[in-house]
Amino acid sequence: MRILSILVMSLLTLAVTAQNYTIAGKVDVKYEGKEVYLTELALVVDTAVVTNGEFKFERNVSDQCLCKVSVANNKRMFADVIITPGVN
């Protein structure tokens, strides 16, 4: 029974860690070197730096969430993103 429990826990861990996502975007080169923020419920969960007018977030997700991507804390330059595990 103990071996079965360990096997089930291992499979659950693999299922959760397999839910990776990437958010990539392009912005005006005037934002070169500026930070892009990924926020969830007003908390910053990740940052990226604009390089050659592009940025990228690569993260894991286990539950659906509504996030916001904003550039250089510009309140007018943002996008809302719904992230759902298991959906391409």
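## I83 and its contacts

Setting aside residues up to four places away in sequence, I83 touches Y21, I23, V61, D63, Q64, C65 and C67. Here contact means heavy atoms within 4.5 Å. Keep in mind that this is a predicted model, where local features need pLDDT of at least 70, side-chain atom pairs count only at pLDDT 80 or more, and totals for chains, interfaces and linings use all residues. Residues are numbered from 1 along each chain as its sequence is written, and side-chain values use heavy atoms, with hydrogens and water left out.

## The chain overall

The chain has one helix and six strands, and from the N terminus on they run α-β-β-β-β-β-β. Helices (H or I, at least four residues) and strands (E, at least two) are DSSP runs, numbered from the N terminus.

Of the 88 residues, 24% count as buried. Buried means under 20% relative accessible area, exposed means over 50%, and partly exposed is in between (1.4 Å probe, protein chains only). The accessible surface comes to about 6700 Å², with 56% of it belonging to carbon and sulfur atoms; these areas come from the Shrake-Rupley method with a 1.4 Å probe, and for residues only the protein chains shown count as cover. As for contacts between residues at least 6 apart in sequence, 47% of them join residues at least 24 apart.

## The nonpolar core

I83 turns up again here: the largest nonpolar core has 16 residues, and those with the most contacts inside it are I23, V36, L38, F55, F57, V69 and I83. β5 gives the most, with four residues.

A nonpolar core is a set of buried Ala, Val, Leu, Ile, Met, Phe, Trp, Tyr and Cys residues joined through side-chain atoms within 4.5 Å. In soluble globular proteins, nonpolar side chains tend to be buried together.

## The largest pocket

Now for the largest pocket, which has a volume of about 220 Å³. Its lining is made up of 13 residues, and T39, A42, K68, S70 and F78 lie nearest its centre. β2, β5 and β6 (78-83) each supply at least two lining residues, and the largest share, four residues, comes from β5. By type, the lining divides into five nonpolar, four polar and four charged residues. Ala, Val, Leu, Ile, Met, Phe, Trp, Tyr, Cys and Pro count as nonpolar, Asp, Glu, Lys and Arg as charged, and the others, Gly among them, as polar.

A pocket is an open set of points on a 1 Å grid over the protein atoms alone, where a 1.4 Å probe fits, with protein on both sides within 12 Å along at least five of seven lines; lining residues have an atom within 4 Å of a point. Grid points are joined across faces, edges and corners, and the volume is the space filled by probe spheres set on the points.

T39 sits in strand β2 and is buried, at 16% relative accessible area. Beyond four places in sequence, T39 touches V44, V45, L66, C67 and K68. S70, in strand β5, counts as buried too, with 9% relative accessibility. Leaving aside neighbours within four places, S70 is in contact with E35, V36, Y37, M77 and F78.

A24 lies in strand β1 and is exposed, with a relative accessible area of 60%. Not counting residues up to four places away, A24 touches F55 and K56. A24 and A48 are 24 residues apart in sequence and 10.0 Å apart in space, C-alpha to C-alpha.
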